[in-house]
Amino acid sequence: MKRKVTKAIFPVAGLGTRFLPATKSVPKEIMTLVDRPLIQYAIDEARAAGIEDFIFVTSRGKSALEDYFDHSPELESALRKSGKTELLETLKATNMDSGAIAYIRQHKALGLGHAVSCARKLIGDEPFAVILPDDLIASEKPCLQQMIEAYQDTGGAMVAAMEVTPEQTSSYGVLDVLSEDGSVVKVKGMVEKPAAGTAPSNLAVIGRYILTPRIMQNFKNIERGAGGEIQLTDAIAYELTAGRDIFGYKFEGERFDCGSKAGFLQATVSFALKRPELRDEMAGFLKNLDLDKALAG
């Protein structure tokens, strides 16, 4: 019987430089997609998958992120007095109970692997998930929930995977596939950002992981990669040297790269069109948009 996955790490220490000047004072994870900050989508996905303990790896200047999940008695009182019960319930859904959320500082920007390793004492000997909020996935069943259900059958380490074009493989960690069984692929190797034309497949790793506590020990056995950073991909791949399994999971859903401006805007439009109160107005605007005029500035 596999141990239940109830802990998740959210690496949110990045400076968000691609969104400057907005991120000079606002953490990227708080930037709103329609009317919810990006981090709320990640939290909602984790909750739907049964996550109970939320571990944020942060850095200086992220206090607004912590404040977002705190209770706001004054605002709740104002909404209650004005009879805005629907808004009040929406607000309450952003609150996190005391003890459910923990914050750890990453003092140096040494890569995703280092960020995950900062949470090792809170993980202990339990399996855990890692969610990168920049990777927003729209799906009927949340991506992490799909993965946890598959993990109950496979065990081992599991990464979310999606097909990309050959030209895109150099921007991702890429799986070297041993075998496939429906949505689950067994992995014989992982390559971080392979040079053009050298990728072992077109299956790219994106920001959802289910990992065993052994991964935390693996960080001691790997060397730093490019730029002196500690790569999470390398720590996962080290499992293969010990004869342990790694699986990729080809999730159902549409992924948006909200770490880029174009991806963030694409997600905003897509999610707005799914909202009944916004759909008609947004669809009408897009239908009537004069692209030639817009592109001309």
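Let's start with a term: a residue is buried under 20% relative accessible area, exposed over 50%, and partly exposed in between (1.4 Å probe, protein chains only). V34 sits in the loop between β2 and β3, and its phi is near 65 degrees, a positive value in a residue other than glycine.

A word on the model itself. It is predicted: local features need pLDDT of at least 70 and side-chain atom pairs count only at pLDDT 80 or more, while totals for chains, interfaces and linings use all residues. Residues are numbered from 1 along each chain as its sequence is written, and side-chain values use heavy atoms, with hydrogens and water left out.

Now for the pockets. On a 1 Å grid over the protein atoms alone, a pocket is an open set of points where a 1.4 Å probe fits, with protein on both sides within 12 Å along at least five of seven lines; lining residues have an atom within 4 Å of a point. Volume is the space filled by probe spheres set on the points, which are joined across faces, edges and corners. Helices (H or I, at least four residues) and strands (E, at least two) are DSSP runs, numbered from the N terminus.

| Largest | about 1500 Å³ | β11, four residues |

Of the 46 residues lining the largest pocket, R18, L112, L132, D134 and K193 are the closest to its centre. K193 is found in the loop between β10 (184–192) and β11, and has a positive phi of about 50 degrees although it is not a glycine.

The second largest pocket has 16 lining residues, with D35, R36, L87, T90 and L91 nearest its centre. Two or more residues each come from β3 (36–37), α1 (38–48), α3 (73–81) and α4 (85–92).

What makes up the nonpolar surface patch of about 510 Å²? F285, L286, L289, L291 and L295 do. Patch members have over 30% relative accessible area and no salt bridge, and nonpolar side chains (Val, Leu, Ile, Met, Phe, Trp, Tyr) are joined within 5 Å. A salt bridge is a side-chain nitrogen of Lys or Arg within 4 Å of a carboxyl oxygen of Asp or Glu. Helices α11 (276–288) and α12 (291–296) each supply at least two of the patch residues. L291, in helix α12, is exposed, with a relative accessible area of 53%.

Key. Patches are made of residues with over 30% relative accessible area and no salt bridge: like charges are joined within 9 Å, nonpolar side chains (Val, Leu, Ile, Met, Phe, Trp, Tyr) within 5 Å. Accessible areas come from the Shrake-Rupley method with a 1.4 Å probe; for residues, only the protein chains shown count as cover.
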